[in-house]
Amino acid sequence: MFKTRNQINDFIKRDAKHLVLFSLAGFFDKKSGPQWLAIKNIKRLSTRNNELLVHSYQQTQFSISLPASKVELDAFLQQILTNSERRSITFD
């Protein structure tokens, strides 16, 4: 029921230059706000069931838990990123 009421687009937002990521931890404890990540700084996106890992060019890694399968995460990321952004980011 939680997954049905909380779609992936409630946790991953996009503006012109950023991905805004809301994690399940932040959703429940309200202590950690959203993470704003500049799309141009994203080197690699790794998806797993219920998890997205973001690797940046600054050697930082950010992980969030999400109510979505790997297939759902991959499809959603393909939808919200432009063709040139998808070419510059490695997906695994």
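The protein has four helices and seven strands. This is a predicted model. Along the sequence, the elements follow the pattern α-β-β-α-β-β-β-β-α-α-β. The strands discussed below belong to an open sheet of three strands and an open sheet of four strands.

**Overall figures**

- The protein has 92 residues, and 36% of them count as buried.
- Take the contacts between residues at least 6 apart in sequence: 40% of them join residues at least 24 apart.

**How strands pair**

- Strands of a sheet pair through backbone hydrogen bonds, in either a parallel or an antiparallel way.

**The three-stranded sheet**

- This open sheet has the order S1-S2-S3, and its pairing is antiparallel.
- Strand S1 (12-14) and strand S3 (35-38) stand at the edges. Each has a single partner strand, so one side of each is left without a neighbour in the sheet.
- On average, neighbouring strands of this sheet are turned by 25° against each other, direction ignored.
- S1 pairs with strand S2 (residues 18-21) in the antiparallel sense, over three bridges.
- Lys-13 stands opposite Val-20, a residue of S2.

**The four-stranded sheet**

- The order in this open sheet is S6-S5-S4-S7, and the pairing is mixed.
- Its edges are strand S6 (61-65) and strand S7 (90-91). Each of these has a single partner strand, so one side of each lacks a neighbour in the sheet.
- Strand S4 (residues 42-48) pairs with S7 in the parallel sense, over two bridges.
- Arg-44 has Thr-90 in S7 as its bridge partner.
- Helix H3 (residues 70-80) lies across S4, S5 and S7. The helix runs at about 150° to S4.

**A residue to look at: Ser-56**

- Ser-56 lies in strand S5, which covers residues 51-56.
- Ser-56 has a relative accessible area of 13%, so this residue is buried. The cut-off for buried is under 20%.
- A polar atom of the Ser-56 side chain lies 3.2 Å from the backbone nitrogen of Gln-58.
- Not counting residues up to four places away in sequence, Ser-56 touches Asn-41, Ile-42 and Lys-43.

Note on methods. Residues numbered from 1 in each chain as written. Predicted model: local features only at pLDDT ≥ 70, side-chain atom pairs only at ≥ 80, totals over all residues. Heavy atoms only, no water. Buried < 20%, exposed > 50% of the residue type's maximum accessible area, 1.4 Å probe, protein only. Polar contact = N/O pair within 3.5 Å; in protein donor to acceptor, adjacent residues only side chain to side chain. Contact = heavy atoms within 4.5 Å. Pairing = 2+ DSSP bridges. Axes fitted to C-alpha atoms, helices over the stretch in contact; angles between N-to-C directions.
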